[in-house]
Amino acid sequence: MKRPAATSPFTDPANPQVIRAQGPLEIRTEVAVIGSGAGGATFASELAERGFEVALLEMGPYITRKQMNQRERDMLPLFYEDVASQTTADGGIVVLHAHCVGGTTVVNNAICFDPPTWLLDEWAERHGVVGTRRADLAAANAKVNFILNVQKIAPDQVNTNAKVMMRGIERIGIAGDTFHHNRTECLLSGFCMLGCAYDRKQNHHITYVPRALSFGARLYPEARIDRLISRGQQVVEAVGTVRDPVSGKSYPLSIKADAFVVAGGAIWSPTLLLKSHLGNAQVGQNFHCHPIAAVAADMGDETIRAYEGIPQCYYVDQYLQDQGFVLESIFAGPSVSAALLPAWGPSLQRLMHRYEHLASAYVQIRDEDSGRIRVDARGVPVIDYSLSARDAQKSLAGLKLLSRLFLAAGAQAAYLPRAGAPIRTQADIAGMDVDFSPCRVSLVSAHQMGSLRMGEDPRFAAVDSRGKVFGTTNLYVADASVFPTAIGLNPQITVATLATHFANQFSRPLPV
Amino acid sequence: MSRRAFLVRAGGLLVAASLPVGCAGPAFRAPGFQLRYFSPFEYAVVTRVADRIVPGGYGLPDPGSLGVARQADGVLALLDPSLEADFHQLLTLFDRVPILAGRLGSFLTQGPRGADAYLAAWENSPFELLRHGFQGLRRLAAAVYYADPRTWAILHYAGPWVGRIDVGYGLANQGNGPQVNPNVYSRFPA
Ligand SMILES: Cc1cc2nc3c(=O)[nH]c(=O)nc-3n(C[C@H](O)[C@H](O)[C@H](O)COP(=O)(O)OP(=O)(O)OC[C@H]3O[C@@H](n4cnc5c(N)ncnc54)[C@H](O)[C@@H]3O)c2cc1C
């Protein structure tokens with residue numbers, strides 16, 4: 001039976017609370033939140049629910065399911081920064097993140113991990129973060145899970161790609177599990193990383209953003225903040241440009257507010273602070289990005305069609321705490337797959353010809369060593385990050401394990417993310433050696449964090465344990481930048497939980 | 001392909017690239033359509049790169065018939081202007097500095113085997129910068145080629161559901177589904 005069409009006025013870009021600029025905009029509000037992703041939309045919604053007057057500014061467009069056609073050719077340019085071609089400065093890691101209302105959540109794979117107790121303890125004990133232990137965050141975490149409707153992937157939703165991984169895991173005798181995810185009544189179409197055309201993936205543009213609007217917030221799509229202007233320690237104004245999506249014309253934008261919350265993600269938040277000469281020497285340091293290295297396994301006669309169904313269903317995390325990596329099943333459309341496979345010429349064509357027989361999973365490392373975000377003369381961020389030798393060892397350990405499990409699952413060959421012969425035997429695994437120097441191995445980052453880390457000591461942190469930027473009275477950060485370390489696990493729930501926690505502690509700045 | 005550092009880091013090499021070696025840009029005639037990003041010379045380089053990176057075979061179409069370089073031109077035209085310059089520099093550098101690839105003559109003067117050797121020299125170069133450039137070119141050609149629906153049948157990739165599979169609201173009306181998450185506007189039962 002057909003169900004009624006969506007009726008919520010808050011998911012409609014024509015809602016009067018969604019502001020279309022048709023000339024220069026001057027806004028006065030109580031709190032301006034810059035960036036509408038996992039952190040910003042959550043923070044905005046929480047403050048609006050508490051009765052604050054909130055303006056939510058997003059430099060990307062407001063993209064709804066009506067525009068989501070599941071084609072890589074159209075969706076990669078629409079969502080991803082630099083058409084998904086951004087890399088670290090050394091070219092070694094492809095860095096993926098999105099610009100749109102809802103931020104990177106709109107293209108994410110809906111994997112949900114609560115921040116683990118050991119991680120929060122580590123942040124408290126080794127990084128001096130105060131008030132973010134498990135008990136402190138429990139209520140905020142539960143609320144995030146509630147609003148995003150997080151649940152475990154059901155057995156009948158597991159796709160064939162993940163079943164190959166499960167088989168291998170069972171045969172080599174390690175433990176894995178299906179993910180929790182924030183999908184509701186998923187149709188299993190499999191295009192999550194191009195946006196969900198059916199609004200079943202509960203990303204922030206259909207959850208926290210409309211919730212914020214329902215509590216009175218205003219949303220400004222295509223509103224890009226270029227600079228924060230301060231008087232002493234107080235930020236008084238944010239300036240930038242706003243684009244009219246209909247005419248394509250851009251206009252100057254000015255926002256005056258009592259408090260400003262930066263939530264542009266771990267690349268753009270420090271960029272904004274650096275360009276505004278705000279914060280201390282820690283701004284931009286400590287950048288982490290969970291480098292990912294994938295293995296593609298040729299499963300011989302077995303038809304996998306790994307692109308069908310939920311793209312990521314299964315994982316192994318038993319090595320995270322002591323060896324610093326997790327394994328996760330993954331697959332992508334043909335364009336992204338071909339771009340990331342480390343082959344060209346006839347060998348690429350041969351591999352792609354086997355596309356429906358390929359299974360794939362990756363190792364994601366908890367990178368201990370970090371890089372930094374700086375701003376070049378043109379005012380754009382540069383990601384100075386190179387995989388360190390000790391982090392590369394984690395990746396290598398994961399690649400060996402993945403090769404083992406795929407061979408155990410029946411793979412004829414396991415293709416590593418570097419050029420050269422695939423792995424076919426246990427002896428190949430034993431002798432595996434990967435040169436991790438930049439651009440010799442295909443690495444990807446889907447999780448950026450840490451570049452405005454929190455803590456209580458400004459010598460080591462950029463913001464305090466409530467997200468307030470050191471050296472300012474009314475400037476906050478509420479996104480993945482505040483993580484003191486990489487977390488190893490997929491971060492969206494931790495980002496939203498911290499944003500909820502920060503919003504709960506937020507109080508009206510005292511007039512100066 | 002890069003993160004806005006290519007240009008800066010390529011500094012010294014670009015001086016070399018400006019030397020009059022290899023094929024000079026002006027000798028290239030424009031294709032019979034408007035280029036949005038490439039110069040005719042750059043278009044020729046990318047056409048040739050695509051021929052070698054995604055050469056057809058296995059029943060797959062050849063990149064020329066798909067217009068891979070033309071499509072790449074459209075993709076690059078979407079880039080942030082600050083990144084645009086980097087790719088122009090890369091293409092000049094790529095073609096004009098054969099010595100870096102251990103070859104005599106520019107990329108465009110190579111026959112098929114020479115072109116492959118030229119690409120392989122960039123891929124395996126001891127200079128990180130050249131490997132970076134190679135990966136940028138490789139990813140561009142591969143991504144554009146396989147984004148084209150004309151490559152999908154051979155892969156047995158069925159393609160998007162949108163416009164093909166009716167999930168209950170009519171094919172033309174996929175954007176009309178219900179709000180399925182009951183909690184979005186609910187009070188959190190603290
Ligand atoms: C392909 C992919 C799959 C992923 N899958 C998962 C997953 O399954 N599970 C998971 O937990 N995580 C996943 N992630 C990561 C997760 O989505 C991000 O870590 C998370 O969204 C980060 O939240 P954030 O608030 O820090 O930044 P974002 O969500 O990126 O939001 C930042 C927003 O701020 C805007 N902005 C930036 N600067 C400005 C400015 N100056 N003015 C105005 N607006 C600005 C940006 O346009 C952007 O929309 C995935 C990421 C990718 C790329």
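So, between domain 1 of chain A and domain 2 of chain A the count is one salt bridge, meaning a side-chain nitrogen of Lys or Arg within 4 Å of a carboxyl oxygen of Asp or Glu. One such bridge pairs R366(A) with E122(A), and their closest N and O atoms are 2.9 Å apart.

Quick caveat: this is a predicted model, where local features need pLDDT of at least 70 and side-chain atom pairs count only at pLDDT 80 or more, while totals for chains, interfaces and linings use all residues. Residues are numbered from 1 along each chain as its sequence is written, chains are lettered from A and ligands numbered from 1 in the order written, and side-chain values use heavy atoms, with hydrogens and water left out.

Where are the domains? Domain 1 of chain A covers 19-149 + 189-287 + 449-504, and domain 2 of chain A covers 155-181 + 292-366 + 387-437; those bounds come from an automatic or database domain assignment. Their C-alpha centres lie 31 Å apart. The contact (heavy atoms within 4.5 Å) takes 22 residues from domain 1 of chain A and 23 residues from domain 2 of chain A.

Now the area: the two bury about 1,800 Å² between them, 58% of it on carbon and sulfur atoms. That's accessible area, with a 1.4 Å probe, that two parts lose on being put together, summed over both. On the domain 1 side of chain A, E72(A), W118(A) and G488(A) lose the most, together 28% of what that side buries.
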